Amino acid sequence: MGDQATLDFLAQSLASGSGEPLYRQLEEALKLAIARAKLRHGAVIPSERTLCQALGMSRVTVRKAIDGLVHDGLLDRRQGAKTVVASRVEKSLATMTSFSEDMRSRGLEPGCVWISRETCRPSPAEMMALGISAGDRIVRLQRLRTADDTPIAIETAALPARFVPDPDAIQSSLYDYLDANGARPVRAVQRMQAKPATEEERQLLGTPDNTSLLVMERRCFLADGRIVEFTQTKYRGDVYDFVIELVR
């Protein structure tokens, strides 16, 4: 969405006049533009000067509105006097959801780029995680996961081959495939650690040299206790936050 289209949307949103202070009205208008994808994640918003001229507001009012959204984590200030829509993604560790579900719940379009999918023998780590022997067959799926076409994570999933007779039948969502075949997991055990990205991982994710990854390992279980999936997902540390709610 170009600057003029953004300014037209903001002006229309402000036309109703809620009675709130002007900076609050501008905050709400910008929030609405983000929620409706008029301003997409990572997009540069119009400059303070442009907003002042187009909306008939003072520099103090515009800056106060932007400061409030920066404080709330919806906007980021960048070098070169640019302000962009924040690209960080929050994931709660309290519920078991798929990558696609996480992205859609935040108004982002999930996607994937297939790196490989194969039926093969398990590695020692996969044998231990899935509770299988060296002679068993697994399906290993490796994908680059995206949100609004932006690379977010590298995902490697291993499943006993009996749950995935045809790996090519899986489209963008593994959980949709498992659900359709009566094998959707109902609980999981997760472990998380941080590690530096390799050169190959940096190239796939398009990140700077000093980027760290948040590595999530998940073992998923069916209702009868069988292990259906072992997945290692390497998330970009510069755009992904994990949130844990604690209750005493």
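**Helix contacts, sheet and confidence**

Student: Which residues of α2 meet which residues of α4?
Tutor: From α2, L22, Y23, L26, E27, L30 and K31. They meet T61, V62, K64, A65, G68 and L69 in α4. Keep in mind that this is a predicted model.

Student: And by class, what's in that contact of α2 with α4?
Tutor: Seven nonpolar, two polar and three charged residues.

Student: What angle do α2 and α4 pack at?
Tutor: About 50°, with the axes 8 Å apart. α2 covers residues 22-35, and α4 covers residues 59-71.

Student: Why call α2 and α4 oblique?
Tutor: Angles under 35 degrees would count as roughly parallel, and 65 to 115 as roughly perpendicular. The angle here is about 50°, so α2 and α4 are oblique to each other.

Student: Is the crossing of α2 and α4 right-handed or left-handed?
Tutor: Right-handed.

Student: OK, on to α1 and α3. How do their axes sit?
Tutor: The axes of α1 (residues 3-14) and α3 (residues 48-55) come within 10 Å. They cross at roughly 50°. These two helices are therefore oblique to each other. Their crossing is right-handed.

Student: Which residues make that contact?
Tutor: L7, L10, A11 and L14 from α1. On the α3 side, T50, L51, A54 and L55. By class, that contact of α1 with α3 has seven nonpolar residues, one polar and no charged ones.

Student: Switching to the sheet. What's the strand order?
Tutor: β4-β5-β6-β9-β8-β7. It is an open sheet of six strands with antiparallel pairing.

Student: Which strands stand at the edges?
Tutor: β4 (110-120) and β7 (187-196). Each has a single partner strand, so one side of each has no neighbour in the sheet.

Student: How much are neighbouring strands turned against each other?
Tutor: By 15° on average, ignoring direction.

Student: Zoom in on β6 and β9. How many bridges?
Tutor: Six, in the antiparallel sense. β6 is residues 150-160, and β9 is residues 227-236.

Student: What stands opposite I154 there?
Tutor: K234 in β9.

Student: Last topic. What's the mean pLDDT of the chain?
Tutor: 88. Of its residues, 95% reach 70 or more.

Student: Which element has the lowest mean pLDDT, and which the highest?
Tutor: Strand β3 (residues 89-92) is lowest, with a mean of 69. Helix α6 (residues 124-130) is highest, at 96. Where pLDDT is low, the predicted coordinates should not be read in detail.

Definitions and conventions: Residues are numbered from 1 along each chain as its sequence is written. This is a predicted model: local features need pLDDT of at least 70, side-chain atom pairs count only at pLDDT 80 or more; totals for chains, interfaces and linings use all residues. Side-chain values use heavy atoms; hydrogens and water are left out. Axes are lines fitted to C-alpha atoms, for helices over the stretch in contact, and angles run from 0 to 180 degrees between N-to-C directions. Helices (H or I, at least four residues) and strands (E, at least two) are DSSP runs, numbered from the N terminus. Angles under 35 degrees count as roughly parallel, over 145 as roughly antiparallel, 65 to 115 as roughly perpendicular and the rest as oblique. A crossing is left-handed if the near helix is turned anticlockwise from the far one by less than a right angle, and right-handed if clockwise. Contact means heavy atoms within 4.5 Å. Ala, Val, Leu, Ile, Met, Phe, Trp, Tyr, Cys and Pro count as nonpolar, Asp, Glu, Lys and Arg as charged, and the others, Gly among them, as polar. Two strands pair if DSSP finds at least two bridges between them. pLDDT is the predictor's confidence in each residue, from 0 to 100.
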